[in-house]
Amino acid sequence: MDKGILCAGRVYCDLNFSGMDQLPRLGRELFAEEMSMHAGGGAFITASYVAALGKPASLMGRLPCAPFAGIIEQEAQQQRVDLRESVTAIGGSPQLTVAMAMAGDRAFLTSRQGPALPDDHAARMTAMAERSALTHLHISELSTLLEYPSLVAQARRAGFTVSLDCAWDDACLDHPDIAALVSQVDVFLPNESEMQRLASNGVNSDCAPMTVVKQGAAGATVHVAGRQTHAAAVPCTVVDTIGAGDAFNAGFLCAWLARQSLSQCLSVGNRCGALAVGRRGGAGKLPDLHHLLGDARSRQSY
């Protein structure tokens, strides 16, 4: 049975603006060439790529209130992402992100509302471990782990392995508990800028058993027990970098759970990331990516 991934974290409705040669400035109006509205947040994007890779993918979070929840539900159905472990916010301000992409980079303005996860998330994980093929919990941002510091321990009791992405948040990167929380997970997946910032807070590449540093056009590097494995990026034309790190996470983790070598894991992650930057928005309608994981008979144990 294929090992699946439960992605936990905040779920947003993204308003994606692109085709700009500068970012907005106070007192002036700026016009984008393109705008689209999609399901967003690292948990949703990673789950979408996991499903596209042919693995069971489930999302545990709190969907933004109506009418935006409908956008997430429609895209989840298209992407084959299971939403049964998510709940929908009732009333209040919607959880939205304005994403602006230009010059190979992006900026975000986000409204983060209410709790990230369902109140009964621990019970949900236990039930899933008993009835499904899900074996791994991916936490999509530091803020969710800080909000639920017992989440890793709860996942362990349910029998899950655990990974953690970072997601830039000044308050989280500077939080005094981050090093201790990161040390609890199996795989930590920051990007290079986040890793540099975390170093000033006592978090280094040996803080977690495995740290995978995403380096954009320079590829990615895995750090395990003082040893490094690097893989170059896949040459591609950059259209929009939104969701590239989340796509990489899906590729790396699916290969890792399939016990491929670290070099193969990096290769699959980089290929997913390259696909992501060649597209507008975070996930959208993804193609079938089964072939990226290769022939199971050729896999090597790491």
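How far is the sulfur of C254 from the closest cysteine sulfur? The distance is 7.7 Å, to the sulfur of C272, which is too far for a bond; a disulfide is a pair of cysteine sulfur atoms within 2.5 Å. C265 is likewise in no disulfide, as the nearest cysteine sulfur, that of C254, lies 10.0 Å away.

The model is predicted, and local features need pLDDT of at least 70, side-chain atom pairs count only at pLDDT 80 or more, and totals for chains, interfaces and linings use all residues. Residues are numbered from 1 along each chain as its sequence is written, and side-chain values use heavy atoms, leaving out hydrogens and water.

Turning to the whole chain, the secondary structure comes to 10 helices and 14 strands, taken as DSSP runs numbered from the N terminus (helices H or I, at least four residues; strands E, at least two). The protein chain is as compact as a globular protein of its length, because its radius of gyration of 18 Å is close to the 19 Å that the globule rule gives for 302 residues. That radius is taken over C-alpha atoms, and the rule is 2.2 Å times the number of residues to the power 0.38. Along its principal axes, the C-alpha trace spans about 55 × 40 × 40 Å. Of the 302 residues, 52% count as buried. Among contacts (heavy atoms within 4.5 Å) with a separation of 6 or more, 71% involve residues 24 or more positions apart.

Q79 is buried, with a relative accessible area of 5%, and, not counting residues up to four places away in sequence, it touches S48, A51, A283, G284, K285 and L286. In the loop between β5 (62-63) and α2 lies P67, joined to A66 by a cis peptide bond with omega of about 5 degrees. R80, in the loop between α2 and β6 (87-88), has a phi near 65 degrees and is exposed at 53% relative accessible area.

A225 sits in the loop between β13 (220-224) and β14 (227-231). Phi of A225 is near 50 degrees, a positive value, and A225 counts as exposed at 66% relative accessibility. Most residues other than glycine have a negative phi, and most peptide bonds are trans.

Note on methods. Buried < 20%, exposed > 50% of the residue type's maximum accessible area, 1.4 Å probe, protein only.
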